[in-house]
Amino acid sequence: MSNLSWAETVRRVHERATFQCEYCQTGQHVTGQAMHVEHIKPSGGDQLDNLALACATCNLSKARATSAPDPDTGDLVPLFNPRIQEWGEHFEWIENGIMLRGLTPIGCATIVRLQMNIARIVNARKVWVRAGDHPPK
């Protein structure tokens with residue numbers, strides 16, 4: 001357990017993530033909705049190294065999962081862990097920043113499990129791209 005108050009922990013998680021979902025990179029400023037502090041490993045505790053900032057879609061879709069099937073092979077693979085993995089090694093923006101493509105089995109499985117390319121998000125990204133607010137630099 002951390003010696004930090006929960007409010008201080010939440011503040012640090014937001015700042016570390018620069019107020020963006022650590023999975024799909026959606027910025028809190030474009031959604032107008034509060035981001036969630038998500039437990040990477042559900043039973044891993046409230047330490048900073050087990051917490052990630054997540055948009056509602058990523059957090060609610062991930063739920064308690066830590067792995068998911070690779071959509072190409074069906075093999076169970078771990079989901080992306082923003083504390084120990086580099087985002088750009090597993091994901092890339094395509095179609096001018098409106099869609100995500102997985103570069104690894106981890107990236108592909110994470111995109112499917114967290115519903116990162118569902119229609120409503122893709123439609124919102126089109127607006128964010130036109131406004132110059134997406135994809136993150």
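Predicted model: local features only at pLDDT ≥ 70, side-chain atom pairs only at ≥ 80, totals over all residues.
Modeller: Residues are numbered from 1 along each chain as its sequence is written, and side-chain values use heavy atoms, with hydrogens and water left out.

Colleague: What makes Cys 24 count as buried or exposed?

Modeller: Relative accessible area decides (buried is under 20%, exposed over 50%, partly exposed in between, with a 1.4 Å probe and protein chains only). Cys 24 comes out at 3%, so it counts as buried. Cys 58, at 2%, counts as buried too.

Colleague: Why is the pair of Phe 80 and Phe 91 called edge-to-face?

Modeller: Rings of Phe, Tyr and Trp (its six-membered ring) pair if their centres lie within 6.5 Å; planes under 30 degrees apart count as stacked, over 60 as edge-to-face and the rest as tilted. The search finds four aromatic pairs. In the one made by Phe 80 and Phe 91, the centres are 5.2 Å apart and the planes sit at 80°, so it is edge-to-face. Both residues are buried, Phe 80 at 2% and Phe 91 also at 2%.

Colleague: Which residues form one aromatic cluster?

Modeller: Tyr 23, Phe 80, Trp 87, Phe 91 and Trp 93.

Colleague: How do you know whether His 134 is buried or exposed?

Modeller: Its relative accessible area is 4%, so His 134 is buried. Leaving aside neighbours within four places in sequence, His 134 is in contact (heavy atoms within 4.5 Å) with several residues, including Gln 25, Trp 93 and Gly 97.

Colleague: How far is the backbone oxygen of Gly 97 from a polar atom of the His 134 side chain?

Modeller: They lie 3.3 Å apart. Val 30 is another residue to look at: its C-alpha is 8.7 Å from that of His 134, though the two are 104 residues apart in sequence.

Note on methods
Polar contact = N/O pair within 3.5 Å; in protein donor to acceptor, adjacent residues only side chain to side chain.
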